[in-house]
Amino acid sequence: ISQLNGERHLTFEESTISQWLYLQLREYVDELIVCNPVYVAKKQGAKTDFRDALHLAQELRTGHLSPVYHDSSHWIQLRVSVSGYLDTVQEIVRTKNRLKAVFRAETIKTDENSFYKNKHRTVELHNESARFVAERLFAQIEFLEEEKTKYLDLFKRNQKKYRPIRNLMTIPGISCIRANIIVALVCQPSRFVNKHKFWGYCMLVRHIQSSGGRIYGNKRIFGRRELRDIFIGAAESAARSKTSLRDHYAALRAKGLKHKDAKVSLARKVASIALSCLKNNQIYQDDYKERSRERKKVRLMLNQ
């Protein structure tokens with residue numbers, strides 16, 4: 001690449017080594033775009049590496065590529081630990097589902113809260129092979145839970161190390177784990193022009209599909225599903241807290257909104273607060289409106 005003359009513009013699709021390639025090649029080109037393959041237009045005809053590269057180059061010239069955010073800051077390095085934690089949690093859920101399936105195959109109830117901690121329940125299985133599989137699954141769950149606690153210790157150290165994480169934890173419903181995930185996925189909050197762009201990135205809004213005056217339904221834009229799950233969960237916790245966020249949820253319910261719609265609206269409000277805290281490097285203040293009124297009264301008195 002360094003041997004090419006003139007302006008150098010480079011693009012490649014997002015993959016597992018995109019971050020490494022970005023760090024290695026960004027100094028050798030004038031423009032580097034890691035494009036989202038979801039939005040790359042399909043090319044008709046036979047598929048070859050040369051035709052794909054030529055098609056990507058043409059899309060780059062016409063400005064039709066949607067870039068994926070990459071950075072060299074320490075914030076994006078947190079994504080590695082967050083990705084490992086999310087994979088561990090997902091594997092725990094899968095293993096628990098497999099364990100329950102083994103017991104349900106013999107019509108044994110598994111709805112008790114301490115089911116995953118009761119290894120002795122394997123004696124209830126009549127099939128010897130099923131008993132062996134259940135013992136191994138119990139052992140896997142125990143091992144994965146221990147690995148999960150190591151990630152929790154890392155997140156607590158990050159809480160002491162990074163102020164933005166502590167600021168997010170002042171918001172009702174945002175725990176240490178959720179704050180770490182939000183900071184790792186957002187990285188630089190300045191890349192979001194307003195809260196509406198951030199809502200789209202968090203998959204908290206839907207866009208109406210219309211053509212010729214006719215509506216063909218609605219659709220979510222491509223974003224981070226993890227952020228949607230976090231803010232929906234934070235909204236459920238905030239709705240049970242004694243804060244102004246609960247009042248906001250109660251007001252929406254009083255207007256006749258369903259629980260699901262009110263919860264999503266509250267999730268958007270929590271996401272807006274989180275973005276504001278990250279941009280301004282401030283903590284959440286539940287009595288912000290009252291303080292604003294008091295400041296306005298003081299300003300009016302001083303002006304008079």
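Predicted model: local features only at pLDDT ≥ 70, side-chain atom pairs only at ≥ 80, totals over all residues.
User: Which residue does Arg98 meet in a salt bridge at 3.8 Å, N to O?

Analyst: The structure holds eleven salt bridges (a side-chain nitrogen of Lys or Arg within 4 Å of a carboxyl oxygen of Asp or Glu). In one of them, 3.8 Å from N to O, the side chain of Arg98 meets that of a partner.

User: How many residues apart are Glu145 and Lys96?

Analyst: Glu145, with a relative accessible area of 27%, is partly exposed. Its side chain and that of Lys96 form a salt bridge of 3.8 Å, N to O. This pair links distant parts of the chain, helix α4 (residues 128–161) for Glu145 and helix α3 (residues 78–104) for Lys96, and the separation is 49 residues.

User: Why are Asp229 and Arg225 separated by about one helical turn?

Analyst: Their side chains meet in a salt bridge of 3.7 Å, N to O. Asp229 is partly exposed at 43% relative accessibility, and Arg225 is partly exposed at 42%. The separation is about one helical turn because, within helix α8, the two residues are apart by four residues.

User: How are α8 and α10 placed relative to each other?

Analyst: The axes of α8 and helix α10 (residues 259–280), lines fitted to C-alpha atoms over the stretch in contact, come within 8 Å and cross at roughly 105°. Phe231 and Ile232 of α8 are among the contacting residues, as are Val264 and Leu266 of α10 (contact means heavy atoms within 4.5 Å). Angles of 65 to 115 degrees count as roughly perpendicular, so the two helices are roughly perpendicular.

User: Last one: where is Ile221 placed?

Analyst: Ile221 forms a nonpolar surface patch with Val38, Tyr39 and Phe222, with about 370 Å² of accessible area together. Ile221 is partly exposed, at 34% relative accessible area. Its place is the loop between β4 (214–219) and α8 (225–238).

Notes
Residues numbered from 1 in each chain as written. Heavy atoms only, no water. Patch = residues over 30% accessible without salt bridge, like charges linked within 9 Å, V, L, I, M, F, W, Y side chains within 5 Å. Areas by Shrake-Rupley, 256 points an atom, 1.4 Å probe, with all protein chains shown as cover. Buried < 20%, exposed > 50% of the residue type's maximum accessible area, 1.4 Å probe, protein only. Axes fitted to C-alpha atoms, helices over the stretch in contact; angles between N-to-C directions. Parallel < 35°, antiparallel > 145°, perpendicular 65-115°, else oblique.
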